[in-house]
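Here's a quick tour for anyone meeting this structure for the first time. Have a look at the model, then read on.

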Amino acid sequence: MKNGIFITVEGPEGAGKTTVISMVADGLRKSGYKVLETREPGGIEIAEQIRNVILDKKNTAMDSRTEALLYAAARRQHLIEKVKPALDDGYIILCDRFIDSSLAYQGYARGLGMDEVYSINQFAIEGMMPKLTIYFDIEPEIGLQRINKHKDREVNRLDLETLEFHRKVREGYILLLEKYSDRIHKIDASQTIEDVFKQAEKIVKETLIVNN
């Protein structure tokens, strides 16, 4: 593949994104593709440092706008330092979260406004959007139950949010799904991991065929 393809995976907490991304990446590599798995916020040293500040459960005083700006800053550095060079080198990028997370979490659930948060992020990404976004849809109650089963998982600041907050995150994602239906494809993440993987793999491969 001469030019790389930027694919993002979105969803509420406990949707199983990370596990499925790894499975899809393994399958693509076996088919001969160059694949890069990464995440937001993070993926590179500077962005990981910003991630630690954002998710530190001691930082409960963090203002919502500060949070949105920190996410955008981490996104910018990650994009320029890691994603764009890999795309130029012909990689398929599978990124766990991108701009849609900011729109759903800070724009909608935090009440900052989707247009306002979109504007902040356009300054950061300069119009560079994913070719495909897969949205893992799951009811917050089920997602949070999954998280609570993993006792070894580190508790971060978002885990301290109310159930109502997580419900609003999902509402935000549904609005994005309706607005960007040409880019965002929904999968029912309450299914088994294997079923979710099969559907995600099918969507990704169809996108690769169209863009090859």
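Glu126 counts as exposed, at 59% relative accessibility; exposed means over 50% relative accessible area, buried under 20%, and partly exposed in between (1.4 Å probe, protein chains only). Glu126 sits in the loop between helix 5 and strand 4. Helices (H or I, at least four residues) and strands (E, at least two) are DSSP runs, numbered from the N terminus. Though not a glycine, Glu126 has a positive phi of about 55 degrees.

Arg97 also has a positive phi, near 85 degrees, and is a residue other than glycine. You'll find Arg97 in the loop between strand 3 and helix 4. Arg97 is buried, with a relative accessible area of 11%.

## How the model is read

This is a predicted model, where local features need pLDDT of at least 70 and side-chain atom pairs count only at pLDDT 80 or more, while totals for chains, interfaces and linings use all residues. Residues are numbered from 1 along each chain as its sequence is written, and side-chain values use heavy atoms, leaving out hydrogens and water.

## A cis peptide bond

Going from Glu40 to Pro41, the peptide bond is cis, with omega near -15 degrees. Pro41 belongs to the loop between strand 2 (35–39) and helix 2. For background, most residues other than glycine have a negative phi, and most peptide bonds are trans.

## The nonpolar cores

The largest nonpolar core has 37 residues, and Phe6 and Ile93 have the most contacts inside it. Such a core is a set of buried Ala, Val, Leu, Ile, Met, Phe, Trp, Tyr and Cys residues joined through side-chain atoms within 4.5 Å. Elements giving two or more residues to this core include helix 2 (45–55), helix 3 (64–88) and strand 3 (92–96). Helix 3 provides the largest share of this core, eight residues. Apart from this core lies another, of 24 residues, among them Val9, Leu28, Val35 and Leu94.

What does Phe6 touch, not counting residues up to four places away in sequence? Its partners include Leu79, Val83, Ile93, Phe98 and Met129, where contact means heavy atoms within 4.5 Å.

## One cavity

Searching the whole structure turns up one cavity of 30 Å³ or more. A cavity is a set of points, on a 1 Å grid over the protein atoms alone, where a 1.4 Å probe fits but cannot get out; lining residues have an atom within 4 Å of a point. The largest cavity holds about 50 Å³ of space, with volume being the space filled by probe spheres set on the points, which are joined across faces, edges and corners.

Its lining is made up of Val9, Val20, Ile21, Val24, Leu94, Ile134, Phe136, Ala200 and Val204. Helix 1 (17–30), strand 4 (132–137) and helix 8 (193–210) are the elements that give two or more residues to this lining. Helix 1 gives the most, with three residues.

Pro140, Gly143 and Ile147 are the buried residues of helix 6 (residues 140–149). Seen down the helix axis, they fall within an arc of 70 degrees, so they line one face of helix 6; the arc is that of the directions from the helix axis to the C-beta atoms. These buried residues pack against helix 7 (163–179). On the face turned away from the buried side, helix 6 carries the exposed residues Gln145 and Lys149.

Technical notes. On a 1 Å grid over the protein atoms alone, a cavity is a set of points where a 1.4 Å probe fits but cannot get out, and a pocket is an open set with protein on both sides within 12 Å along at least five of seven lines; lining residues have an atom within 4 Å of a point.
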